[in-house]
Amino acid sequence: MRFFALRIRLLATAILITGLVAIASPAADLPVAADTLVLIVVDGLRPEALKQAKVPVIDGFIKRGASTMKAQTVSPSLTLPAVTSMLTGLPPQQHGIIWNDYEPMRGYVKAPTVFEIASFAAGKLAAMFLNKEKLLHIAKPDRGLILQVCSMTEPGCNAQKIATAVIAAYKTATEGKPSVFLIHFADPDTAGHEKGWMSKPYLQAVEATDRAIGTLVKGFQQLGLYKNMAFIITTDHGGHDKTHGTDSADDMTVPWIAAGPGIKSGYVIKRPVSIIDTPSTMLRALGIVDYFVEWNSQTVEEIFTEVVTPDHPSVGGNPTR
Ligand SMILES: [Zn+2]
């Protein structure tokens, strides 16, 4: 019931804000922001892998963006709870998805997700490309949602295939184009479980994923979208031996990289970052700062080139400015 009430409040906020933006926001007041945001989750990516593997595309994002190699995931350090935290801005104990399998009868996450907020507050349509079926627990059907699951258990569902599918889906989207993406690549996690984290096959899977991200970049460039796009590249967890899920540094410490319009270049983030801080930072990168939701997500403000103080930071803001 609590979250249902929140959704109603969100919707009310969206209506209020849409009105405000239409009437009262000269373009000059808007922050430097991206039109489109892509959240890339490279499943099981340890920061050390970015040093040991050849990852020119991700290196490029680090150079032109802001990053930390010391971000922390949530406990338990498992895919479904962690990705849910990344989208709801809540720890697993609060968003309630503490299992790590696809259990259709348990339904969708109840807490509002960043996709819903972007939709309510700014009319942004979402697209999700999932490499694991269990992530369907976070893919709440919403207006215009493009949803593709290419499960790692199906032959050929690798990072390259998913990247190609993203661009194809964008081109063929007829009912509005998506502008908030979740793209999940599971190859490094699969190799980690089979051959061990930091093993040669694992590093090769990281390299293959980097090439797939390159395919995405090229595709978005050809579509003429790239210069107005922001990217956040991170992961759900690290790993050790052939597993993860513990509170050890190898499992918990993750890279977190953001790049795009309005985001500092070559910047090393100083403050501690949790993957829970991802959704509010996503919205901020899109210039969406007026919304109301109860979550623990704290925008990583230091990555942005301009300081933005919302004119009307919550429902109770001043509509006359
Ligand atoms: Zn795993």
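Ala-127 touches Ile-146, Ala-169, Pro-178 and Phe-181 when residues up to four places away in sequence are left out, contact being defined as C-beta atoms, placed from the backbone, that lie within 7 Å of each other. The model is a predicted one, in which local features need pLDDT of at least 70 and side-chain atom pairs count only at pLDDT 80 or more, whereas totals for chains, interfaces and linings use all residues. Residues are numbered from 1 along each chain as its sequence is written. Ala-127 is buried, with 23 other C-beta atoms within 10 Å; a residue counts as buried if 20 or more other C-beta atoms, placed from the backbone, lie within 10 Å of its own, as exposed if 12 or fewer do, and as partly exposed in between. The C-alpha atom of Ala-127 is separated by 7.6 Å from that of Ser-179, although the two residues are 52 apart along the chain.

Ala-127 belongs to strand β3 (residues 126–130), where helices (H or I, at least four residues) and strands (E, at least two) are DSSP runs numbered from the N terminus. Five of the five residues of β3 are buried, and the strand is mostly covered. In a regular strand the side chains alternate between the two faces of the sheet. In β3 both faces are covered, with Ala-126, Met-128 and Leu-130 buried on one side and Ala-127 and Phe-129 buried on the other. On pairing, for which DSSP must find at least two bridges between two strands, β3 runs parallel to β5 over four bridges and is joined to β4, also in the parallel sense, by four bridges. Met-128 has Leu-182 as its bridge partner in β5 and Leu-147 as its bridge partner in β4.

These strands form part of an open sheet of eight strands, ordered β4-β3-β5-β1-β6-β7-β2-β8, in which the pairing is mixed. At the edges stand β4 (146–149) and β8 (267–268), each with a single partner strand, so that one side of each is left without a neighbour in the sheet. The partner of β8 is strand β2 (residues 66–72), which pairs with β8 in the parallel sense over two bridges, and Ala-66 stands opposite Tyr-267 of β8. Helix α3 (residues 56–64) packs on the sheet, where it touches β2, β6 (229–234) and β7 (253–259), and its direction makes about 65° with that of β7; axes are lines fitted to C-alpha atoms, for helices over the stretch in contact, and angles run from 0 to 180 degrees between N-to-C directions.

Packing between helices was examined next. Helices α3 and α9 pack at an angle of about 65°, with their axes 7 Å apart. Their contact is made by Pro-56, Val-57 and Ile-58 of α3 and by Asp-210, Ile-213, Gly-214 and Val-217 of α9. The residues of this contact divide into five nonpolar, one polar and one charged, with Ala, Val, Leu, Ile, Met, Phe, Trp, Tyr, Cys and Pro counted as nonpolar, Asp, Glu, Lys and Arg as charged, and the others, Gly among them, as polar.

The axes of helix α7 (residues 159–172) and helix α9 (residues 200–222) come within 8 Å and cross at roughly 15°. Helices α7 and α9 are therefore roughly parallel to each other, a description that applies to angles under 35 degrees. Residues Ala-159, Gln-160, Ile-162, Ala-163, Thr-164, Val-166 and Ile-167 of α7 meet Ala-208, Thr-209, Arg-211, Ala-212, Thr-215, Leu-216 and Gly-219 of α9. The residues of the contact of α7 with α9 comprise eight nonpolar, five polar and one charged.

In helix α8 (residues 187–195), the buried residues are Asp-187, Pro-188, Asp-189, Thr-190, Ala-191 and Gly-192, and they pack against β1 (36–42), α7, β5 (180–185) and α9. Just after α8, Gly-196 takes a positive phi of about 105°. In helix α11 (residues 278–285), eight of the eight residues are buried, so this helix is largely enclosed by the rest of the structure. The buried residues of α11 pack against β1, α4 (79–88), α6 (114–122), β6 and β7, and α11 is followed by Gly-287, whose phi is positive, near 80°.

Overall, the protein contains 11 helices and eight strands, and 47% of its 321 residues count as buried. Among contacts between residues at least 6 apart in sequence, 72% join residues at least 24 apart.

Technical notes:
Parallel < 35°, antiparallel > 145°, perpendicular 65-115°, else oblique. Contact = placed C-beta atoms within 7 Å.
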